[in-house]
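Me: Can you walk me through this one? I have not looked at it before.

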Amino acid sequence: MFWIYLILINIVAFIVYGIDKFKAQKGSWRVPERFLIGLAVFGGSLGAGISMLVFRHKIRKRKFYITVPVLILLQAALCAWGYYQNNHLTVSYYELDIGLGHEMTIVQVSDLHAKAFGKDPGNLLDEIMEIKPDIIVVTGDAVDGQYPSFDKAESFFEGAVKIAPVYYISGNHEEMLSESSRDEYYEKIEKMGVILADDQVFNVDGLIIAGIGDLTLTRLGTPERFKIFDAFSADDAVLLLAHEPDHTDLYTRLGADLVLAGHVHGGQVIIPGVGGLLSPDVEFFPDYYEGLYEAGGEADTRMIVSRGIGNSVLPLRINNYPELVVVTVK
Ligand SMILES: [Fe+2]
């Protein structure tokens, strides 16, 4: 969306500067200079600059030949900075004792939102391959409900299943898909070997993995009515996969030792000392936005909230790099 805006405003600036030159030659009504500068200020500086050179317009006017090039440099620097903020993949490592008795390394990929790093998901998969995880968990929003092309998610899964078993739960964006397209997509990735973990419990080398997708919560109503699983025994080492971090009452009631969640995208902008600015549910300064939380309960439930990989409606991340989470549990 942002790039479309940028392209459009630059085309408009190019045309409007050209029209103004034409009007100047005819000696008729002119486009106000304030409007011309405004176009450059609001992102159209490159289009304005090119138009100035092509039509030899305003090139002797100090207000333009200084302001427009300065704005071009400033806006180019802002775009490069914004691109880096959105695309610099970071890896966060955790080591947690959950009473498993041996070590297992888990990679969590959350909120991919049909994003690719580079030309394909190669960079992301290379990074995961280097970690050599025992399992990969995908905690929802691998697709984006607003741009339901499954190519990026599918090619990610295609590569991921070659690295380690992949457990995948639904997020609110899988929930947004029509039932038929979701079924088709699920069928395709299941054939690749992806394990759909909504409402499922698995025992992987003694680690209990339970999946609560957003689809589950929607189908069953509020988390208070959630009845898919009985609470797990205190002796079990339980890893709960959940998309939304807000339902900590449910997660602690089930006796999860560790919850891996996402959804909040780090709050888009992380203000040091204050927190994440805005959740996808339009909640300012959400309680959970990144990192490790003590959720409490009898099992001393801990929860890691991933900042996620991609973006949805708001393609903006500041001080909030895309994140792969690596947890070694023992
Ligand atoms: Fe998301």
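This is a predicted model: local features need pLDDT of at least 70, side-chain atom pairs count only at pLDDT 80 or more; totals for chains, interfaces and linings use all residues.

Me: How many helices and strands does the protein chain have?
Reply: The protein chain has nine helices and 14 strands. Helices (H or I, at least four residues) and strands (E, at least two) are DSSP runs, numbered from the N terminus.

Me: And what box do the C-alpha atoms fill?
Reply: Roughly 85 × 45 × 40 Å, taken along the principal axes.

Me: What share of the residues is buried?
Reply: Of the 330 residues in the protein chain, 41% are buried. A residue is buried if 20 or more other C-beta atoms lie within 10 Å of its own, exposed if 12 or fewer, and partly exposed in between, with C-beta atoms placed from the backbone.

Me: OK, sheets. What is the order of strands in the one with S14?
Reply: That open sheet has six strands in the order S1-S14-S2-S3-S4-S5, with mixed pairing. Two strands pair if DSSP finds at least two bridges between them.

Me: Which strands stand at the edges there?
Reply: S1 (90–96) and S5 (195–196) do. Each has a single partner strand, so one side of each is left without a neighbour in the sheet.

Me: How does S4 join S5, parallel or antiparallel?
Reply: Parallel: S4 (residues 166–169) is joined to S5 by two bridges. Tyr167 has Ile195 in S5 as its bridge partner.

Me: What about the sheet with S6 in it?
Reply: Six strands again form an open sheet with mixed pairing, in the order S6-S7-S8-S9-S13-S12. From one strand to the next, the twist averages 25°.

Me: How many bridges between S12 and S13?
Reply: Five, and the pairing with S13 (residues 301–305) is antiparallel. For Gly291, the bridge partner in S13 is Val305.

Me: Now helices. How do H2 and H3 cross?
Reply: The axes of H2 (residues 33–54) and H3 (residues 62–87) come within 8 Å and cross at roughly 75°. That makes H2 roughly perpendicular to H3. Axes are lines fitted to C-alpha atoms, for helices over the stretch in contact, and angles run from 0 to 180 degrees between N-to-C directions. Angles under 35 degrees count as roughly parallel, over 145 as roughly antiparallel, 65 to 115 as roughly perpendicular and the rest as oblique.

Me: And H5 with H7?
Reply: The axes of H5 (residues 151–160) and H7 (residues 179–192) come within 9 Å and cross at roughly 20°. The two helices are therefore roughly parallel to each other. Glu154, Phe157 and Glu158 of H5 make the contact with Lys188, Ile189 and Met192 of H7. Residues are in contact if their C-beta atoms, placed from the backbone, lie within 7 Å.

Note on methods
Residues are numbered from 1 along each chain as its sequence is written. Two residues are in contact if their C-beta atoms, placed from the backbone, lie within 7 Å.
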